Amino acid sequence: MRVTKNIRIVLSLIGALAIGWGFAFALPASAANSDVQQQADDSTATTSSTSTSTSTTLATTTTTSIPATTTTTVPATPGDPDNDGASNEPPLDLFDTGVTADRDPTVALLDTTADDGVAIILDIADDDPEQLRNVRWTNTASVGNIATPNGLVSFSVVNVTSPVDVITVWKDVPAARTLYKGSATALAPFATTDTDFSDGAAAFSYTLVDGGSGDQDRAANGVIVDPVAMGFVRPAPVSDTTTTTTTKKTKVLARTGNDVGIPTAAGAAAVVLGAAMLAVAWKPVGSHFNFDK
């Protein structure tokens, strides 16, 4: 039986619908006509800023002026007749003994600044053999964590035969009324036998023992080495840490457009079937797959 015109029309419609359905519904679009989407990715970054402040608690209300942190050592120079290391001492007879400081090896007067100085005195009997040597003054504002507003003094006592009493006199700084001993790099408080704070001066009396208390070389060799300073402990820095939190917004936009998707099995089958129906419906006359027979 020959294919009628109506059958051709029906097959054409079914084939067209199958192809249309395959393309329209079964072939997915990855992002066809999609709306813009925003994804907020909140990440928190924390930064810390540290500022350092220092507070000082003093025994009195006196304000202490600390010299700049520079180091100047006074060396022995000509003008030292008593050979104690302190050059150009003033010719003062401090104890009415008839011997001035510039010629007395048991007394050293150091002209440390324009307005004040440091005095070192061996408190010994007149016939004792001990003498001062290698007297030095170092203008340093601090040694380690110890503030030294009058600098650091070092000296040696020679011809030592017994414990030696020493008096050191400094410009009075109320915040620094503690005697420290040790070295040019580390100091520790040292016990005194007497103190006197009057007339703008601070006097400390203490005892040195050869090879023992106060002797830096720790050897009983007839020589006492004595670095000494008047000072106070610098307060430790106080860290004030402020934390700042910053929130970072990252926007991610979805792609837009008509992307071609990957065909599904049903969609592909519908398209093939529809095409086959169209081919049958509109076959050329005389083809081998006609319905004439």
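Phe95 sits in the loop between strand E1 (38-53) and strand E2 (107-110). Strands here are DSSP runs of at least two residues, numbered from the N terminus. The model is predicted, so local features need pLDDT of at least 70, side-chain atom pairs count only at pLDDT 80 or more, and totals for chains, interfaces and linings use all residues. Residues are numbered from 1 along each chain as its sequence is written, and side-chain values use heavy atoms, without hydrogens and water.

Buried means under 20% relative accessible area, exposed means over 50%, and partly exposed lies in between (1.4 Å probe, protein chains only). Together, Leu92, Leu94 and Phe95 make a nonpolar surface patch of about 280 Å². A patch takes residues with over 30% relative accessible area and no salt bridge, and joins nonpolar side chains within 5 Å.

Asp96 is in the loop between E1 and E2 too. Its phi is positive, about 55°, although Asp96 is not a glycine. Asp96 is exposed, with a relative accessible area of 70%. Asn134 also has a positive phi, near 55°, and is not a glycine either. Asn134 lies in strand E4 (residues 131-138) and is partly exposed, at 47%.

Now the salt bridges. Side chains of opposite charge can pair when their charged atoms come close. A salt bridge needs a side-chain nitrogen of Lys or Arg within 4 Å of a carboxyl oxygen of Asp or Glu. The structure holds two of them.

| Salt bridge | N to O distance |
|---|---|
| Arg177 and Asp172 | 2.6 Å |
| Lys181 and Asp226 | 1.9 Å |

Lys181 lies in strand E9 (residues 178-182) and Asp226 in strand E13 (residues 224-233), so this pair ties together parts that are 45 residues apart in sequence. Asp226 is buried, at 0% relative accessibility. Lys181 is buried as well, at 7%. In the other pair, Asp172 is buried at 17%, while Arg177 is partly exposed at 33%.

A pocket is an open set of points on a 1 Å grid where a 1.4 Å probe fits, with protein on both sides within 12 Å along at least five of seven lines; lining residues have an atom within 4 Å of a point. The lining has 17 residues, and Thr97, Asp104, Thr106, Ile124 and Asp126 lie nearest the centre. By class, eight lining residues are nonpolar, three polar and six charged.

Definitions and conventions. Patches are made of residues with over 30% relative accessible area and no salt bridge: like charges are joined within 9 Å, nonpolar side chains (Val, Leu, Ile, Met, Phe, Trp, Tyr) within 5 Å. Accessible areas come from the Shrake-Rupley method with a 1.4 Å probe; for residues, only the protein chains shown count as cover. Helices (H or I, at least four residues) and strands (E, at least two) are DSSP runs, numbered from the N terminus. Ala, Val, Leu, Ile, Met, Phe, Trp, Tyr, Cys and Pro count as nonpolar, Asp, Glu, Lys and Arg as charged, and the others, Gly among them, as polar.
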